[in-house]
Amino acid sequence: MFIETPLVQKKKRTEAAAKIVFMLMTILMILPLLLILAYLLYKAFPILSLDFFITNPKNGMRAGGIWAPFLGTMYLVVISLLISAPIGVLAAVYLNEYAGDNWFTRIINLAVVNLAGVPSIVHALFGLGAFVLFAGMGRSILAASLTLAIMTLPVIIASTKESLAAVPRAFREACWNVGATRWQTIRHIVLPNSISGILTGVILQVSRTAGETAPVMFTGVVFFKKISEGDIFAYNLFDQCMALSMHLFTISTQVPDVPKALPYGTAVVLLGTVLLVNALSITLRVYLRARKKW
Amino acid sequence: MANQRRLGNLSEPIIEGLIRLCGISAILFVIGIFFFVFREGSGFLFSKLNLKEFLTSIEWYPDSPSNKRYGVLALMAGTASVTVLAMMIAVPFGLGAAIFISEFCSRRARETFKIVIELLAAIPSVVWGFIGLTVMNPIIIDLFKAPIGLNVLNGGIILALMSVPIIVSIGEDALKAVPDSYREASLALGATRWQMIYRVLLPAAKNGLLAAALLGVGRGIGETIAVLMATGHAVQIPHSILDPVRTLTATIAAELGETPVRSDHYQVLFIIGILLFSITFVVNLVADLVVKGIRGK
């Protein structure tokens, strides 16, 4: 039997200590957050009901529910994704299927990385300067959605590129060999084989778009707007709208004497929407990875 | 049949043109962002702005009726103090978590942790600000007997929690990129796992880990709503972590709504935007070059 020398024992002790320190760091990062989330839910619980979702804010936002901001957020998310998803997917197709390995492609990739790093408030300034003022859209759902679309574009490009790159090269070569053109190959082989991965990436952007405040606060979202309750077509493209994120900001910092439960309720609905969409996207990804044939 | 083929021949160049156009869209948008932000601020930038005063004065009095002064030094100090504090917390914790998840966990635990971290990354910044306002604020007042809980410490902690997920996920990628043969070789020589991490993995992955920290910095400088809600509203150079401050981003968010379009104040806010755009551009560029550095080797 091997007898442990003091050196080996010391090594084992450092090893155990290192493991515990790193584990504590990980746990310290995650645990307080779970507690905070539980606390938010606990504070919001009394107000969460169906009524909360389908009534407009009332009494200078000191009563009522979140119908107008909730619907506004849905509009912003859907419209911005309708703009950014096609452009982002086609851009990724270009980068993965057409672009050669040269300086021009490197510049595009650099632009994508930098676009992803632009602060959200700078996107807001850009949206204000370009869409609201220069293009003359005014502060509207359209201008705010365009601003959000440009902000989410780099992430959609990155996730789509990854899905496209996962399609084996042999699939493409087989298709070219039977005489298909480049576009036919993409249309019939590459896209169908990667569509699920692309969708997962796009769904993930729903959560990011829904939570953003800064880019929309000067481009189309207002403090208060009354719309007809229960009508999902209450907004039009050139209207201003309310949004959940902005609403939470307003009632927690700008309006005095708001009943405590209201901002907690709004925060939990916003957080719940975002985490639900994320969980959906993650589940889809895990499921698809398990089913993958190659 | 023949008809269909003709249509196919015709539509293919159109589609390919569209794909190429979308391909270069990222470049167009980056240029567009710079152009439009610059365009709104340029009038004031070239005529009235005293660049030296703008960058070195701590006097930010855009609303003063008699003597308007636009000095952003205090705002830059606000951004710097919050970001530095956040990184002092987030970088060690983030990299520690990345090491734990990548080196000490079983495969199953690793997948679980990665999903949890992905969910943390999804929490909207306005919710973080709300947590700073309602949860951290009273805790800081109680713990430090501070007169107000909205200060550098609050903003720094919130910002740290926000940037940890990005640091963990990029850091984990960097560790994963180190070939397994390195690990096997050092373990075969009798090193413990900790010695292997400390002497082999960290040096081998240092570029990727540096890039992870830099991306965290970029996120910290650019974060707006959370710091607006959590840092208080005092334009000053902080002397302790319990002083309230105002950051560059928060100033734009708080003041742009109340300034008339094309007024001096409005244009100065756009100049701050150019400043922010330039800072984050450089930080991201450096992070990208550092990452490319590892691949090049």
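In chain B, helices H7(B) and H10(B) run roughly antiparallel to each other, because their packing angle is over 145 degrees. This is a predicted model, so please keep that in mind throughout.

To put values on that pair: H7 of chain B covers residues 152-176 and H10 of chain B covers residues 206-222. They pack at an angle of about 155°, and their axes are 8 Å apart. The crossing of H7(B) past H10(B) is right-handed. On the H7(B) side, the contact residues include B:Leu159, B:Ile166 and B:Asp173. H10(B) contributes, among them, B:Leu209, B:Leu215 and B:Arg219. Sorted by class, this contact has ten nonpolar, five polar and two charged residues.

Next, one residue in chain A. Where does A:Ala261 sit? A:Ala261 belongs to helix H11 of chain A, residues 261-291. Leaving aside residues up to four places away in sequence, A:Ala261 touches A:Lys43, A:Ala44, A:Pro46 and A:Ile47. A:Leu48 is 213 residues from A:Ala261 along the chain, yet their C-alpha atoms are separated by 9.1 Å.

Last, the two chains together. Their contact involves 68 residues of chain A and 69 residues of chain B. Which element gives the most on the chain A side? That is helix H1 of chain A, residues 6-44, with 15 residues. By class, the chain A side has 51 nonpolar, 14 polar and three charged residues.

Methods. Residues are numbered from 1 along each chain as its sequence is written. Chains are lettered from A and ligands numbered from 1 in the order in which they are written. This is a predicted model: local features need pLDDT of at least 70, side-chain atom pairs count only at pLDDT 80 or more; totals for chains, interfaces and linings use all residues. Two residues are in contact if their C-beta atoms, placed from the backbone, lie within 7 Å. Helices (H or I, at least four residues) and strands (E, at least two) are DSSP runs, numbered from the N terminus. Ala, Val, Leu, Ile, Met, Phe, Trp, Tyr, Cys and Pro count as nonpolar, Asp, Glu, Lys and Arg as charged, and the others, Gly among them, as polar. Axes are lines fitted to C-alpha atoms, for helices over the stretch in contact, and angles run from 0 to 180 degrees between N-to-C directions. Angles under 35 degrees count as roughly parallel, over 145 as roughly antiparallel, 65 to 115 as roughly perpendicular and the rest as oblique. A crossing is left-handed if the near helix is turned anticlockwise from the far one by less than a right angle, and right-handed if clockwise.
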